[in-house]
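Open the model in a viewer and keep the selection panel at hand.

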Amino acid sequence: MNMSALRYGLRQGFLSLRRNLWLAAVTAGIIAISLAILGGFLLLAVNVGQMLRTIETNLEIAVFLEEGVDPAAISRQLTEHALVQGYVFVPKEQGLVEFAQTLGDPAFLAGMEGENNPLPDLFRVRANDAQSVAALAAAIRAFPGVETADYGEELVGRLISVTYWLNRLLLGMSGLLALGAVFLIVTTIRLSVVARQDEVGVMKYLGASNSFIRFPFLLEGVVIGWTGTLVATIALGLGYERLATSLQQEALTFFIRPVTDPAMILPIFGGLLLLGTLMGGIGSIVSVRKFLRV
Amino acid sequence: MRGELTLIELKRVSKSYNNCAQPAVANLSLQVNRGEFVFLVGPSGAGKSTLIKLVFREQTPSSGQITFEGRDLSRLKQKELLRHRRRIGMVFQDYRLLKQKTVYENVAFALEVIGRPAKEIRRKVPAALAEVGLTGKEKAFPAELSGGEQQRVGIARAIVKDPLIVLADEPTGNLDRNNALQLMELFETINRSGTTVIIATHAWDLVDRMKKRVVAMENGCLIRDEQRGSYGNEHVST
């Protein structure tokens, strides 16, 4: 495309935008809403993922010993095991004290001291990494004298499962919203095409190439898509920054710490910008296609 | 020599539309040489407009072959098709001017859309407007012009890109006799400069007066092809 064609395309594209300003604004608004929701879902997914990883990383395996087993033998095996990062021995007396603190009512455990203590001795074991927790727990269960080794796998499993389905649901909803936005772009651009139908027809008779005819409409769609996405990313970025700052200040718990690493956040915003621009472009191409058949 | 002279050749061309049992063009063979002036005459529905569309390659034949400068039009690739259309100047009965553009812009548009440089546009548009007698009307909008003037803009737009051929479909259909006569004279001037001209028309009196080649059609068939011909009796049935 040469300079005069480019100039023509730019002029016509922006003229069309000005002519359909309100419709273009509404379309950009809907794109902004759908992409902000999609971006919100993605940010949520990133944060839930990080939360799960934090939980998994901090998982401890509670190793309950059988009655009368020598803790030193277990301790030796734990020391030698390659997947063990560290461990703490909790004798049953200390276990009872901790249990009483958890319940908040020491009187409830009256009469359970000494011989009557129902709790077993236990080790709290930490694995080298989150991925090794399950394997290490299985290995420890096979140690002689170990009654069970538990790290809350049911809870983690349920969390992973809920997150999995939640992610899919949210992605599906975002996809539908994005599709709706594309249809809206198609409608908006089609109105522009219809408004300039005579011109398009004349252009074909004058020997204009399809790309020449398509360019102003493509530009219009891309500008609408890009504007919508820009609004979405700015709003989402500001909102997320405020939320992240307030959560960090609250310091709720160690695992609800919002993701602020630019390497994880920026690809989401970059992807949204690309997606919005693509939506605009694809919508335009679909709209114009029918009118190019002369 | 014959091959070099021939610009358009139709060999047993038929064209049927899906929704019509009767073919719009039936087994038509025709040859048009470079620099010829040809009237296509015949009643409405005779197939004149379809023939023009076939030459422009807006339509492709259902059977038979059309060559333009020796190239089979059915086999043109997208780029070749654009090149083909850029060598044809089209003139329509309803002018097809863009009402939001001035006379100058309408003519310049023909060069803009094929990517000609601004310098060339500035040089050629005034020359084309001068050729059709519209110097001084550059800034007028189509709505401010008479029908004859609007058609002159249409002709200027067709010739500004120096086409090999001008195809005109009922160019005087919306004009009074005086304007129609002036336009025909303009087409004759264009033809004298070497451009081939094919005009589909019902203006029997002008055809008779101009004594050019006449190709008469009826029901999609060629029924008469005469050098220095006349409209004949076909107008009686329109």
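A residue is called buried here when its relative accessible area is under 20%, and exposed when that value is over 50%. The model is predicted.

**Stop one: a helix in chain B.** Select residues 103–112 of chain B, which form helix H4. Which residues of H4(B) are buried? They are B:Val103, B:Asn106, B:Val107, B:Ala108, B:Phe109, B:Ala110, B:Leu111 and B:Glu112. Because 8 of the 10 residues are buried, H4 of chain B is largely enclosed by the rest of the structure. In an α-helix there are 3.6 residues a turn, so residues three or four places apart point the same way.

**Stop two: B:Asn27.** The phi angle of B:Asn27 is near 50°, positive although the residue is not glycine. Most residues other than glycine have a negative phi. Is B:Asn27 buried or exposed? B:Asn27 counts as exposed because its relative accessibility is 53%, and the cut-off for exposed is over 50%.

**Stop three: B:Glu170.** Now select the loop between strand S7 (165–169) and helix H7 (177–192) of chain B, where B:Glu170 sits. B:Glu170 is another non-glycine residue with a positive phi, near 50°. With a relative accessibility of 11%, B:Glu170 counts as buried.

Among contacts between residues at least 6 apart in the sequence of chain B, 70% join residues at least 24 apart.

Switch to a surface view. Chain B exposes about 10,800 Å², with carbon and sulfur atoms supplying 46% of that area. Colour by charge to see 37 positive and 27 negative charges, whose mean positions lie 6 Å apart.

**Stop five: the interface.** Bring in chain A, where 19 residues are in contact with 22 residues of chain B. The two chains bury about 1,800 Å² between them, 57% of it on carbon and sulfur atoms. On the chain A side, select A:Val202, A:Tyr205 and A:Leu206: these lose the most area to chain B, together 40% of what that side buries.

Terms used:
Residues numbered from 1 in each chain as written. Chains lettered and ligands numbered in written order. Predicted model: local features only at pLDDT ≥ 70, side-chain atom pairs only at ≥ 80, totals over all residues. Heavy atoms only, no water. Contact = heavy atoms within 4.5 Å. Areas by Shrake-Rupley, 256 points an atom, 1.4 Å probe, with all protein chains shown as cover. Lys, Arg positive; Asp, Glu negative; His and termini not counted. Charge placed at Lys NZ, Arg CZ, Asp CG, Glu CD. Buried < 20%, exposed > 50% of the residue type's maximum accessible area, 1.4 Å probe, protein only. Helix = DSSP H or I, 4+ residues; strand = E, 2+ residues; numbered from the N terminus. Buried area = accessible area lost by both parts, 1.4 Å probe.
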